[in-house]
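Here is a short briefing to read alongside the model. Keep the structure open as you go through the topics.

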Amino acid sequence: MTMKVVAFNGSPRKGGNTEICLKLIEEELNRQEIEMEIVQVGNKAKPCTACYQCLDNGDGYCVQKDEVNSWIDKMIEADGIILASPVYYGGMAGGMKCFLDRAFLTAGNKLHHKVGAAVVTLRRSGGLETYQQLNAYMNTMEMVMATSDYWQVAHGLDKGEVSQDTEGVEVMQKLGRNMAWLLKLIEHGKGIVDPPETGARTMTNFIR
């Protein structure tokens, strides 16, 4: 069985530094015979309206009709998920947040124990903050987090400039190798080590 990773590129700029980083990871995964698909999120996703109809319906889909539901299908089918975004004013790109708000509210509980990773590109500052924002989505869904030997953040402004960040390039390559390792461990453990039990979360709002 061929394992697959789906990577969501939150940059509206095709062929830019975020995509270059994802391609570095893809090369490492391919060497381990793991497929990877890059989805260009850009500005295609509408924002979440907090209608909660997705939770009421329980069908795992958002009631808004755009590409987000097809992306949700890709997340559910994949063995691993990468969330990537450039830094915009100290945070992730707006289109990426629109997508993640809807996808994780709608189908997050179907992502338990999948391998996840975050990738960030930036000119100068805001990398760690954006990295933490992306990780926050996966951290709430019992996903298994793949890491490198440093935070997965690479610097570059103009297209292709990120390739000059030698350490950033190495970080992405190591992430690819570590992600492949985790994916294989989980795959080979099926039927031998059962996944941990989970259950519905008890929501404790501050105002009752």
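This is a predicted model: local features need pLDDT of at least 70, side-chain atom pairs count only at pLDDT 80 or more; totals for chains, interfaces and linings use all residues.

- E5 and E6 are paired in the parallel sense, with 2 bridges between them.
- E3 also pairs with E5 in the parallel sense, here over 7 bridges.
- Gly116 has a part in that pairing too, as the bridge partner of Ile81.
- E7 runs parallel to E5, and 3 bridges join the two.
- One of the residue pairs between them is Leu122 with its bridge partner in E7, His155.
- How many of the 8 residues of E5 are buried? The count is 8 of the 8, so the strand is largely enclosed by the rest of the structure.
- Both faces of E5 share in this: Val115, Ala117, Val119 and Thr121 point one way, Gly116, Ala118, Val120 and Leu122 point the other way, and all are buried.

**Helix H6**

- Helix H6 covers residues 166-189, and its end C-alpha atoms lie 35 Å apart. Its 24 residues should span 34 Å at 1.5 Å a residue, so the two values agree.
- Which residues of H6 are buried? They are Gly168, Val169, Val171, Met172, Leu175, Gly176, Met179, Ala180, Leu182, Leu183 and Gly189.
- What do these buried residues pack against? Their partners are helix H1 (17-31) and the strands E1 (4-9), E3 (80-88), E5 (115-122), E6 (144-145) and E7 (153-155).
- Just after H6 comes Gly191, with a positive phi of about 85°.

**Aromatic rings**

- A search of the whole structure turns up 4 aromatic pairs.
- One of them is formed by Phe8 and Phe99, a tilted pair with 4.8 Å centre to centre and 45° between the planes.
- Phe8 belongs to strand E1 and Phe99 to helix H4 (residues 94-107), so this pair ties together parts that are 91 residues apart in sequence.
- Are these two residues buried or exposed? Phe8 is buried, with a relative accessible area of 0%, and Phe99 counts as buried at 0% relative accessibility.
- Phe99 also pairs with Trp71: the ring centres are 5.2 Å apart and the planes are at 90°, so the pair is edge-to-face.
- Trp71 sits in helix H3 (residues 68-77) and Phe99 in helix H4, which makes this a link between distant parts of the chain, 28 residues apart.
- Trp71 counts as buried as well, at 3% relative accessibility.
- Taken together, Phe8, Trp71 and Phe99 form one aromatic cluster.

**Cysteines**

- How many disulfides does a search of the whole structure find? It finds 0.
- Cys51 is in no disulfide, and the nearest cysteine sulfur, that of Cys54, is 6.3 Å away.
- Cys62 is likewise in no disulfide; for this residue too, the nearest cysteine sulfur is that of Cys54, 6.3 Å away.
- As for accessibility, Cys51 counts as partly exposed at 35%, while Cys62 counts as buried at 10%.

Notes: Residues are numbered from 1 along each chain as its sequence is written. Side-chain values use heavy atoms; hydrogens and water are left out. Helices (H or I, at least four residues) and strands (E, at least two) are DSSP runs, numbered from the N terminus. The expected span of a helix is 1.5 Å times one less than its number of residues. Buried means under 20% relative accessible area, exposed over 50%, partly exposed in between (1.4 Å probe, protein chains only). Contact means heavy atoms within 4.5 Å. Rings of Phe, Tyr and Trp (its six-membered ring) pair if their centres lie within 6.5 Å; planes under 30 degrees apart count as stacked, over 60 as edge-to-face and the rest as tilted. A disulfide is a pair of cysteine sulfur atoms within 2.5 Å. Two strands pair if DSSP finds at least two bridges between them.
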